[in-house]
Amino acid sequence: MRAGELITTDLQGRSGDETDIQRAYSVLEEVMDPEVPVVSVMDLGIVRDVDWADGHLHVVVTPTYSGCPATEYIETAIREALQGAGFAFPKVSQRLDPAWTTDWITGQGRERLKAYGIAPPVGSSDKRSLVSGVAQVTCPHCGGDETEQLSEFGSTACKALYRCKSCLEPFDYFKCI
Amino acid sequence: MTKYDDLTEFLLRLGDSALVHAQRLCEWTGRAPALEEEMGMMNVGLDLVGQARNWYEYAAERIGDGTDADTLAFRRDERAFRNLLLVEQPNGDFAVTMTKQFFYDAWQYHLLTALQHSGDERIAAIATKSLKEVTYHLRRSSQWIERLGDGTDESHQRMEKAIDTVWRFTFEMVEANDSESALASSGVIPSLADLPEQWLATVNDVFRNATLTVPDAPSTFYLSARTGMHTEHLGILLAEMQFLQRAYPDASW
């Protein structure tokens, strides 16, 4: 028996309404990214749709990077959190199009990244900042603007490694894609 | 030898190239010249494994006999692989690895840019997603080619040697292909007729900044990924990559 089955009455499916959808969103606000545990899946902007279909809740997510090993973990975490909140047999599916962009990270997500010591993405992905070179990144520790890129990649595919020339601390930068 | 329809063969060409290249990158684990570069190569490899999986899942659905992405990766023999000959070549030194990476990135970049506008929506979606990652890969490998080519005498020499070693395998990137033309005529993918020229233009630009010379056009020879006629290196790579699933079929953890 799974967690949600003990406290739910919709095992056979029922019709959902706006209250259910709102409640589901507030549950998703608490599902954190496993590698950056201060930002939720809502902060990252990877939840593309929450709807009621065939008597159950249906959540659509998009992966951040094609090979991100956290994708499956996140889908499981979402399912478990929703079950824990009483939604029986929630369905989680993946959608590739439109492709995820760091522009979808919320303002709250950006603040949380900074407080955690990760510089949030600079600029918009539309401006092809990918090709045109390295962005001016502000140090999340001291706020200094004098920083340099140490490596195109940091501890995960979504980050690059930087160093602050003022406080000399290295830090991760969330790449703009 | 099973030969699938044009579209499935095309999907395997994309998926196999990404997977085999990623497998080669993994060989640098614990041996890269610097920790930052090791992380860079592993992250590029990770992106490519994800891309391979997306292409494989589509190919597997088309094959439709219960085949899945894992079967395609781990249960096919060398002759069934459709990856570019370039990506199966041994890593050599860092110059050879970066030269392979750059040639492959430039090919992927222009190919995926075109495929974003495919009539087939699934191909367009995977291409759009992958291109974001590949743009970043190309920026990194171009910078390395410039740094090594325009670096010290030794790094320049090693780059020249690396180009001599792998250049002949690039003929596959600049040859026209009937089955791809057929896919384009039926509107599944856009025409790829400009791809060879675009690829060569990128190579020319980067090599100029790197003070390197672009060799004469490579000539076609009897090996070809499209027919599964590979160099001797692929079999050995697969023997290692597929060992677990071959020795313990359906093993999981």
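Which side chain meets that of Arg53(B) in a salt bridge, and at what distance from N to O?

Mentor: The partner is Glu72(A), at 2.5 Å from N to O. A salt bridge here is a side-chain nitrogen of Lys or Arg within 4 Å of a carboxyl oxygen of Asp or Glu. Side chains of opposite charge can pair when their charged atoms come close. Before going on, some ground rules. This is a predicted model, where local features need pLDDT of at least 70 and side-chain atom pairs count only at pLDDT 80 or more, while totals for chains, interfaces and linings use all residues. Residues are numbered from 1 along each chain as its sequence is written, chains are lettered from A and ligands numbered from 1 in the order written, and side-chain values use heavy atoms, without hydrogens or water.

Now the interface as a whole. Chain A gives 32 residues to the contact and chain B gives 25, with contact meaning heavy atoms within 4.5 Å. Together the chains bury about 2300 Å², 58% of it on carbon and sulfur atoms. That area is the accessible area (1.4 Å probe) that two parts lose on being put together, summed over both.

Between chain A and chain B there are 2 salt bridges. There are also 9 residue pairs in polar contact, both residues at pLDDT 80 or more. On chain A, the side touching chain B draws at least two residues from each of α5 (129-132), β5 (147-151) and β6 (159-164). That side divides into 15 nonpolar, 12 polar and 5 charged residues. As for terms, a polar contact is a pair of N or O atoms within 3.5 Å; within protein, one must be able to donate a hydrogen and the other to accept it, and residues adjacent in sequence count only if both atoms are side-chain atoms. Helices (H or I, at least four residues) and strands (E, at least two) are DSSP runs, numbered from the N terminus. Ala, Val, Leu, Ile, Met, Phe, Trp, Tyr, Cys and Pro count as nonpolar, Asp, Glu, Lys and Arg as charged, and the others, Gly among them, as polar.

Over all chains, the structure holds 21 salt bridges. One of them joins Arg82(B) to Glu9(B), with the closest N and O atoms 2.5 Å apart. This pair links distant parts of chain B, 73 residues apart: Arg82(B) lies in the loop between α3 (69-74) and α4 (85-88), and Glu9(B) in helix α1.
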